[in-house]
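Please open the structure in a viewer and keep the selection panel at hand.

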Amino acid sequence: MIDYKGDVIKSIALPTESGITWGSLPIDSKYQSGNYTFRAYTNWMQNFGERYFFKKELKIVSLDGEQQAPKENRNSLVVTKKIPQSFIKRGQDVDVQFLPEGGTWVADIDQKMAFKAIKANGKGIAIAGEVIDSKKNVILQFASNQKGMGYFKLNPKLDEEYTVVYKNTAIKPQTLPKALPNGITLQVSNDFLSDSLRITITATLPNRMLYVLGQSRGALCFVSLSHTNTPVRTIKVNKDLSKWYWPDHSFRCQQATH
């Protein structure tokens with residue numbers, strides 16, 4: 001566990017068997033309120049640098065006394081049993097997060113925009129609304145599941161401003177991030193009936209080499225190399241990983257097909 005200063009404040013090592021391990025990292029009252037990063041990796045993953053480590057940002061909130069609940073409560077963890085009544089009243093506040101598929105919102109590319117709505121107590125809440133452009137035209141309507149999660153598809157235009165208006169008037173309208181003129185998007189299609197994954201990469205950055213690495217159970221399953229001068233590339237990856245493992249639990253790489 002790493003604090004906002006970048007200092008490791010808690011570290012544990014867990015044994016693995018056949019690439020699998022389990023354990024826990026208690027969040028107790030010794031943690032002060034603030035932003036933390038949970039980082040996990042294996043010794044083998046260190047060969048490729050920190051960019052391939054698992055990382056999860058957390059906000060730890062102490063509710064002792066009458067401390068004001070933060071407006072941004074993404075991934076909040078309550079670390080005390082005492083919950084003042086003032087926080088319960090503010091628990092109706094809703095935080096809606098928008099997450100573009102692949103991590104980058106690029107103009108003139110059809111993309112999924114995932115969203116998640118959570119209350120101040122960390123629980124999901126169902127929402128519905130519509131996306132309008134700068135001319136007040138309704139671009140689309142959307143609705144989440146009961147846990148506040150869902151997605152919609154949109155082809156964002158460069159320099160256009162999109163605003164989300166919610167049917168629940170208690171939630172204030174929210175402006176979506178502006179689309180970037182250039183970038184790389186990654187879309188994964190996992191059809192239950194198909195024997196393969198389909199990974200579609202769209203790139204508008206010229207003269208770049210892209211490496212796509214796939215991991216399962218701590219082992220590298222496939223590697224794909226492509227050039228961004230090909231703007232759209234589709235990779236098919238066989239779901240049957242069992243043939244990629246040897247009896248001694250070592251592994252070999254399989255090059256993905258294009």
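How many helices and strands are there in the protein chain? The chain holds one helix and 16 strands. The model is predicted, and the tour should be read with that in mind.

**The whole chain**

Select the protein chain first. Of its 258 residues, 31% count as buried. Display the accessible surface next: the area comes to about 16,900 Å², and carbon and sulfur atoms hold 51% of that area. Among the contacts with a separation of 6 or more, 46% are between residues 24 or more positions apart.

For one of them, select R39 and E50 and show their side chains, which meet at 3.4 Å, N to O. R39 belongs to strand β1 (residues 34-40), whereas E50 sits in the loop between β1 and β2 (54-61), so the pair ties together parts that are eleven residues apart in sequence.

K55 is partly exposed, its relative accessible area being 45%.

**Stop two: K157 and D108**

Now select K157 and D108. Their salt bridge has its closest N and O atoms 3.7 Å apart. The pair links distant parts of the chain, 49 residues apart: K157 lies in the loop between β8 and β9 (163-166), and D108 in the loop between β4 (94-100) and β5 (111-119). K157 is partly exposed, with a relative accessible area of 41%. As for shared partners, salt bridges join R39, E50 and K55 into one network.

**Stop three: L154**

Move to L154, in strand β8 (residues 149-154). Is L154 buried or exposed? L154 has a relative accessible area of 7%, and it therefore counts as buried, the cut-off being under 20%.

Which residues is L154 in contact with, apart from its neighbours within four places in sequence? Select W105, I109, D110, Q111, I139, L140 and Y162 to display these contacts. For one of these partners, draw a distance between C-alpha atoms: L154 and D110 are 5.7 Å apart in space, although 44 residues separate them in sequence.

**Stop four: the second largest cavity**

Finally, turn to the empty space inside the model. Rolling a probe the size of a water molecule over the atoms shows where such space is left. The structure holds three cavities of 30 Å³ or more, and the second largest cavity contains about 40 Å³ of space.

Which residues line the second largest cavity? Select I201, A203, L210, S226, H227, T228, T230, P231 and R233 to bring the lining into view. Colouring the lining by class then gives four nonpolar, four polar and one charged residues.

How values were computed: Residues are numbered from 1 along each chain as its sequence is written. This is a predicted model: local features need pLDDT of at least 70, side-chain atom pairs count only at pLDDT 80 or more; totals for chains, interfaces and linings use all residues. Side-chain values use heavy atoms; hydrogens and water are left out. On a 1 Å grid over the protein atoms alone, a cavity is a set of points where a 1.4 Å probe fits but cannot get out, and a pocket is an open set with protein on both sides within 12 Å along at least five of seven lines; lining residues have an atom within 4 Å of a point. Grid points are joined across faces, edges and corners, and a volume is the space filled by probe spheres set on the points. Ala, Val, Leu, Ile, Met, Phe, Trp, Tyr, Cys and Pro count as nonpolar, Asp, Glu, Lys and Arg as charged, and the others, Gly among them, as polar. Helices (H or I, at least four residues) and strands (E, at least two) are DSSP runs, numbered from the N terminus. Buried means under 20% relative accessible area, exposed over 50%, partly exposed in between (1.4 Å probe, protein chains only). Contact means heavy atoms within 4.5 Å. Accessible areas come from the Shrake-Rupley method with a 1.4 Å probe; for residues, only the protein chains shown count as cover. A salt bridge is a side-chain nitrogen of Lys or Arg within 4 Å of a carboxyl oxygen of Asp or Glu.
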